[in-house]
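Here is a short report on selected local features of a model. Look at the sequence and the coordinates first.

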Amino acid sequence: MYKNNSPTKILLAVVSLIITFFVWQQGLKDSLNRPSVSFDISQKEIEISELAIPAVPKDLKHFIINSSRDDMKNTLSKVPIDQLTDRSKLIRIILQNQDSKLNSSYKVEFNEKFYEDITESLYKSNSDKSYNPPIELINQLKNDKYIFNLLYENFNLNKEEIITPKLAKLMLLKLIILRTIPLISILLGSILVIKAIWVTFNSKFINWAEYKPLNLNLLDMVLLISGGFVVLGEVFTPLISITLINLFSENIPDEVTQSLKIFFGYFFMAIPPLFIIYRQIKFTDKEFILNKDYFQFNYKPLKKSIIQGLRGWIMIIPFVLLTSLIMNLLVENDVGSNPLLEIVLNNNNYFAFILLFITTTFAAPLFEEIIFRGVLLPIMSRDFGRIIGIIASSFIFALAHLSFNEFPPLFVLGIGLGTTRLISGRLFSSIIMHSLWNGLTFLNLFLLRT
């Protein structure tokens, strides 16, 4: 095995490790102060349920609609109003007004003025029942079907113009998809897991595929993860990408600017670690051959690679969801969600949506799988065995996402990705699996929009 532990290289590795410790420690600490996206998700589910009610057969309402406007009131009342978004503040105020409980709380601060104007109209209508609000003011929220519906109801306008049969059927379809996909996935995943355990028990061995680690050592991995991924990728390059986007985004909508920062930020972040891998390979092999499969993609036959990735994705779903459920039960304050989830959930610009979709479903899985399952996992497996390699690479993978509450589910996902990589012998299969996981998450957030 190649070894080149020069004093300079060791010093760079030690400095990188120290910086990584402080960056990751601060990142995990900051995640405890970030709100959880689960609050927004539960709120959106209530909104979809209410908009879907006209399309639900009366006999099935009890089974399909399990949340109500009272649930919305309770959900929003549990959070201090100054910690809510402008949108959630307005919903809470509208519901207070419907209960004739609107008081001085209407004077909350908003980031956008038209929310203040609407709140002022709500206060006036509460004091004067004959008050008619300016329609052009309400129409500023016509694309937000849930709030638009609440306002029309509050001001005694024609609700049928809002919740049309077409809209109600669309929301019902969303509701059905959101509830059936996880159930079907859990059922299929559990069946495949039981079958795999039975086959392994009978054969008394796991049929691991051959893997080919790069001719690098653990010190190289420290430089790659700490130096390339963290110090250069997470600390240095974001300063460049964010600065460049700010220079050219003066007249661009905020949602697009935010998505561009994530899109280009991810590509800038990928450059340093990928360049380090390139230099490491070139130094050890004396050359870098572009069409050589250094990471063991092994995507041919394509159909087999996709099936293996799909199988791995279905099998890991029950474990990740169970881990998430346990975390929600154990941790009283659900915090630390990835900020990207909230951005996707509340984004209303389709161009921005496409950028986020490409980043999360294609760019992120490709880059992360090359680093964690293409380079790190095979080398850790070579030096410590497959099981330790899978566990160690999964731990680093989960830690790198800097989210305290999401660490256990991501660790379990990493174990699934690593196992798929080593059993299939194909990095491409774990890329497919990772893309499917991110894609399903993205689809759920997209469907939750009202």
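The text below covers a loop, a surface patch and a helix.

This is a predicted model: local features need pLDDT of at least 70, side-chain atom pairs count only at pLDDT 80 or more, and totals for chains, interfaces and linings use all residues. Residues are numbered from 1 along each chain as its sequence is written, and side-chain values use heavy atoms, without hydrogens and water.

**Loop between helices 11 and 12**

P301 sits in the loop between helix 11 (254-285) and helix 12 (302-330). Helices are DSSP runs (H or I, at least four residues), numbered from the N terminus. The peptide bond joining K300 and P301 is cis, with omega about -5°.

Buried means under 20% relative accessible area, exposed over 50%, partly exposed in between (1.4 Å probe, protein chains only).

**Helix 10**

L247 belongs to helix 10 (residues 218-248). L247 is exposed, at 60% relative accessible area. L247 is also one of the residues in a nonpolar surface patch, along with L232, F236, L239, I240, L244 and F248. Together they have about 710 Å² of accessible area.

**Helix 17**

Helix 17 (residues 427-447) has 21 residues. 15 of the 21 are buried, so helix 17 is largely enclosed by the rest of the structure.

Note on methods:
Patches are made of residues with over 30% relative accessible area and no salt bridge: like charges are joined within 9 Å, nonpolar side chains (Val, Leu, Ile, Met, Phe, Trp, Tyr) within 5 Å. Accessible areas come from the Shrake-Rupley method with a 1.4 Å probe; for residues, only the protein chains shown count as cover. A salt bridge is a side-chain nitrogen of Lys or Arg within 4 Å of a carboxyl oxygen of Asp or Glu. Helices (H or I, at least four residues) and strands (E, at least two) are DSSP runs, numbered from the N terminus. The expected span of a helix is 1.5 Å times one less than its number of residues.
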